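Please look at the sequence and the 3D structure shown here before reading on.

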Amino acid sequence: MLKEKKKEFMGTFATAKRMFGKVLECDGGRIYTFLKLIHSIMDSLVPLVYTIFPGLIINDLAVLEVSRSLIIHTVILIVTPLLHTLAGELLNYLQFPLEKSIDLQIECDFEEYILKMDYEQREDPDIEDLKNRAVDVLHSQIGVVDTLCGLVGAFAALLSVVSIISYLNPLIVVLNIIIVAINATLTKRRNKKQYEMNKPMMARFRKEYAVEYNLHSMDFAKDIRIFGFGHFLLERFLETIKVRNDEIKKIHTLIRKFSILQSGTNIINEGLMYAFIIFEVIYRGLSVGSMTIFLSAARQFSSTLSQFTNIYVGFAGNVYKYDEYNKFMTMPQTQYGSGILHPRIGKNSTIEFRDVSFKYPHSDRYILEHFNLEIKLGEKLCIVGENGVGKTTFVKLLTRLYAPSEGEILLDGVNIKEYDYNKYLSVFTAVFQDSKDFALSVGENIALTDNYDEGKLDEVCKSSGFDSLVKKLTKRYKTQVGKGIDPEGINLSGGELQRMTISRAAYHGGDIYLLDEPTAALDPTAEYEIYSTFNEMTDGKCAVFITHRLAAVQLADKVAVFADGHVAEYGTHSELYEMGGIYRDMFDKQAEFYREV
């Protein structure tokens, strides 16, 4: 038992040291800590004045005359609150900007860390839950300084009060220590059980938020009304709320149970303390003033000791959260941390998937299996296949959003993980089917910076056909995307959004254009126009078109047909059509559909 307590204490100490160190590393962290320490000690010791001086004044009044000591004691008692307030306000004035600066530095480090997380980690729901729990701790890190300084201040107050009580009888100290220890144990058990009950609620919160988002978001408003299933969503939302409320009710029941137990121990403590002091006054001749001092000191000792243990137990109870925060912040960042080479793309460069197999984390099913494909970076490749055959997974592997489970991907014979991650990504520019708009202006959405070249914007928007919308906007590129942010802004349709993301890809450029279902929201005529534009835009460069609609195949040099996790057919449009396999069947079915129309 003692070993477990020691291990637990050392674990708590180690966590406190790590969190405290993070604050000290921030600019202004050491000054803030010093000011906070002075503030905590002052707040802990000032109550001693209210403990001692009322009793001294009562003893001074026993002689029934205005003595010098009576005046001094009274002045000190009156002036102390003013001096305490002034000193506290001065310290708050000095602490506040430092606190906000440190908090901002910690938050910036957290957000920057998320930006560098491996993409596969961001798609993992368990890691997402861990991230959400880390967010709960994020803004309380600076509170670790408050906690440790509070412990120092409470300890200083304890030493002062113990010296007063011990003069009367050390048994009062022992009694208070026993009662506070019992309450601290109860609090610790309550905190642990409460944490264990709270932890699984994070997944429920995620589900609740998802359903609530479905109810509130304009993205789903039309479907809800046309199909009339709003009440179904509402019922589902209410179900999740009821489950959450039942769990919260259990937590509140737990808290009440422990509160009642702690109230019982406090009553025992108060009763024994009053009985002892009354005995001292009646049978041992203790003066009324001294009785007041000892009674106040005993109460302050109990209160301060409870504060001291509660601060420690409260922090120890949050060690689980702090440890999860540290667990989240120390996950390996394999992509950004690997590779130092700079890719050099030439007209004869190639990217080769060599015997690549891949399955997503927590899954036993291979999406790609013993997959082989060579992309010549002077050609245009069109990748076709039914939904779910691994086309998008192929893009994720190509761009190092995921790493192969087996096999390797080579750029000019070198494994792509040997290249600097940012330098490797700069080779690509992309348009995805699910590309999103950002809460920025139109120009910033395309250039992804506020320092953009309007002439270049005009050029790329014209090439994508997005200029027809820009010309109608009073503020042109300064127009906010999202009316929810700015009533004078604009909400983009699916086709407009895709034209804007096409403009984004053209603005940034790259050696390899990745076009993953880029025209899914466009009609056939617009689709053909866009692909023709892509053809001009990528002249002399590599382009990889990924689609299950075959409008782009005749613009490509080669076509790869994906099926069953590998390349089933490969060649030119004419070669594959003449082959009479999967490709020809897909092409004829789509052509027949358009002829019937």
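## About the model

This is a predicted model, in which local features need pLDDT of at least 70 and side-chain atom pairs count only at pLDDT 80 or more, while totals for chains, interfaces and linings use all residues. Residues are numbered from 1 along each chain as its sequence is written, and side-chain values use heavy atoms, with hydrogens and water left out.

## Strand β8

Strands here are DSSP runs of E with at least two residues, and helices are runs of H or I with at least four, both numbered from the N terminus. Strand β8 spans residues 542-547, and six of its six residues are buried, where buried means under 20% relative accessible area with a 1.4 Å probe and protein chains only. In a regular strand, side chains alternate between the two faces of the sheet. In β8, Cys542, Val544 and Ile546 are buried on one side, and Ala543, Phe545 and Thr547 are buried on the other.

Two strands pair if DSSP finds at least two bridges between them. Strand β3 (residues 380-384) runs parallel to β8 and is joined to it by five bridges, with Leu381 having Val544 as its bridge partner. β7 also pairs with β8 in the parallel sense, over five bridges, and here Ile512 has Cys542 as its partner.

## The largest pocket

The largest pocket holds about 1,700 Å³ of space. A pocket is an open set of points on a 1 Å grid over the protein atoms alone, where a 1.4 Å probe fits, with protein on both sides within 12 Å along at least five of seven lines, and lining residues have an atom within 4 Å of a point. Of its 43 lining residues, Tyr119, Leu401, Ala430, Phe432 and Ser435 are the closest to the centre. The largest share of the lining, five residues, comes from α13.

Conventions:
Points joined across faces, edges and corners; volume = space filled by probe spheres on them. Buried < 20%, exposed > 50% of the residue type's maximum accessible area, 1.4 Å probe, protein only.
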